[in-house]
Amino acid sequence: MATPMLGQFLTQINGFIKAGNETSLNDYLVLEPPFGPGYTQIISELRATYPAGNDAALEAKCAQLLPEAEKGDQGATWTAFIRYMVTYLGYLRDVSADQGQYRRTYELLSEVQGRVNSALSHSTLGYLILRTAITNARLVCRLAIGLDRHPELLGPLKTGGGGEEGGARETLPEKAANTIRVAFTTALNDRSGSQANGLDSNGQPEGRRKGVYALANLCLKILFQCKKTRNASQIFQNITSNAPPLNAYPKAQQVTYLYYLGRFLWQNGHFGPSAKVLGRAWELCHAGSGTAKQRRSILIYLIASNLILGRFPSAALLSLPEAHGLSEKFMPMCLAIRSGNLLALRRHLDFNSEHAAWFLHFRLLLQLRNRCEVLAWRSLVRKVFLLKGTLPEAGSNKAAFLDLPLLVAAFRAVDSQKPALDPEDKPDPDLEGTTDFDNKMETGIDEYGIISILSSLVDQGLLRGFVAHKQQKLAILGSKNFGGNAVVAGFPAVWGVIGRKGGEGGVVGWKT
């Protein structure tokens, strides 16, 4: 059977290769159904003349009508593109828009992605297929996330095994991210440009390096949506080592990349760098009808990062449309930290609180529980010192001090307001009689607990002083350096102490 439309299509593709027209090449290699009338005819011709299992004949047809790919460039043939075209045409022939066939569609697109990755690796012609590689990767990304969210559509898809060693299985999202990562690595390692840094004389990315951050963002989107963020570390390290500067790329790509980098830093406890990165993403993501969702996502993690660093959101920030509802999530914590109200802070971040599900959804709860209590300790110690601390006489070399029993009493007062233990939270009776088991209720924090808290605050730089054990006092240092103001000397601003830790200089993953 004659295939006039297929022949015309391949001839056009050949012309785009000859002209180096990457835009038209991408426009012609349509991937997402429903397809237009011309593609419908091509599909009919493929099904009639080149059904599944007849790829050898289809490859011969492609080789015949794509002489520019056969010829290649600089002595290197581009046969990988011909094999890509065979797989692409097979995809057109076999793909279905039926929701029940999403598993099969994912398999077909993954195969196409593997072929386009190979075509992309050609040293001089690979750049022509870059846009198509990114378009295909977007569809793979969308399907991987959709199938992960709706496993009932997945069926018995095999996504890798643990092997003889019993290792962890490679999930479908991880497999998709790894497939796209091949294209990312190819783009990242492109050395075909005129400059070593991958930028042309106008400071714009050259060749395949144009796709570095677009492909990285797709990998990161899959990994974060499907909670496989441990695999993102290598991407950020590779960006640091080999990528062109981020600011040479479109703002949309910059914002997306910085958002994922900020979240990665947050999850790994690097709150200073996280706040710095997310702050830049917020600056770049200008307010507009199409950016409200992105700005809100950035703002949630930006507020959380800064809160841990001792910098609270302003009323103006929380009044923005994209911050709707965030005040009730974060402001009670800010007030509790500022006042040293440990009880209120613990209740707000309790696993059974009304906001716990929201914090868990954004993976914020554990970090906030662990870090914010330290800030509340500092505020409570400061409050007790303001009320009961002893200041030295003018001209005296003695330090200001606070009696430890007063702090014990203050912390015990907080503990005494704890709700009674739920029966399910009480120790297991079967443990009675074992070594060091004490089935009595806790009597509250003691002197040793207070010393431990004070030592932690001193070690973190949130308190300038020392504990005089024999005298049972907390001594404040450096009052003379602050005009005799013991409060300022002993309790430096939190943001000034920890807010810039790790936030100065370079941030791993951010190539500036």
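**Helix H6**

I started with burial in helix H6. 13 of its 16 residues are buried, so H6 is largely enclosed by the rest of the structure. I kept in mind that this is a predicted model.

Next I checked the length of H6, which covers residues 79-94. At 1.5 Å a residue, its 16 residues should span 22 Å. I found the end C-alpha atoms 23 Å apart, which agrees.

**Aromatic rings**

I looked up ring pairs and found 22 aromatic pairs in the structure. I picked Phe9 and Tyr39 to begin with. Their pair is edge-to-face, with 6.0 Å centre to centre and 75 degrees between the planes. Phe9 lies in helix H1 (residues 4-19) and Tyr39 in helix H3 (residues 37-49), so this pair ties together parts 30 residues apart in sequence.

Phe9 has another partner, Tyr88. Their ring centres are 6.5 Å apart and the planes are at 20 degrees, so I noted the pair as stacked; the limit for stacking is under 30 degrees. This pair links distant parts of the chain, with Phe9 in helix H1 and Tyr88 in helix H6, 79 residues apart. Tyr88 is buried, with a relative accessible area of 0%.

**Charges over rings**

I searched for charged groups over rings. The charged end of Arg311 sits over the ring of Trp495, 3.9 Å from its centre. Lys329 lies over the face of Trp358, at 5.2 Å from the ring centre.

**Glu68**

I turned to Glu68, in helix H5 (residues 67-71). Glu68 is buried, with a relative accessible area of 14%. What does Glu68 touch, not counting residues up to four places away in sequence? I listed Asn14, Ile17 and Lys18. Asn14 is 54 residues from Glu68 along the chain, yet their C-alpha atoms are separated by 6.1 Å.

**H14 against H19**

Last, I took a helix pair. Helix H14 (residues 292-308) and helix H19 (residues 365-388) pack at an angle of about 35 degrees, and their axes are 9 Å apart. From H14, I noted Ala304, Leu307 and Ile308. They meet Gln367, Leu368, Arg371, Cys372 and Leu375 in H19. I sorted the residues of this contact into six nonpolar, one polar and one charged.

Definitions and conventions:
Residues are numbered from 1 along each chain as its sequence is written. This is a predicted model: local features need pLDDT of at least 70, side-chain atom pairs count only at pLDDT 80 or more; totals for chains, interfaces and linings use all residues. Side-chain values use heavy atoms; hydrogens and water are left out. Helices (H or I, at least four residues) and strands (E, at least two) are DSSP runs, numbered from the N terminus. The expected span of a helix is 1.5 Å times one less than its number of residues. Buried means under 20% relative accessible area, exposed over 50%, partly exposed in between (1.4 Å probe, protein chains only). Contact means heavy atoms within 4.5 Å. Axes are lines fitted to C-alpha atoms, for helices over the stretch in contact, and angles run from 0 to 180 degrees between N-to-C directions. Ala, Val, Leu, Ile, Met, Phe, Trp, Tyr, Cys and Pro count as nonpolar, Asp, Glu, Lys and Arg as charged, and the others, Gly among them, as polar. Rings of Phe, Tyr and Trp (its six-membered ring) pair if their centres lie within 6.5 Å; planes under 30 degrees apart count as stacked, over 60 as edge-to-face and the rest as tilted. A charge sits over a ring if NZ of Lys or CZ of Arg is within 6 Å of the ring centre and within 35 degrees of the ring normal.
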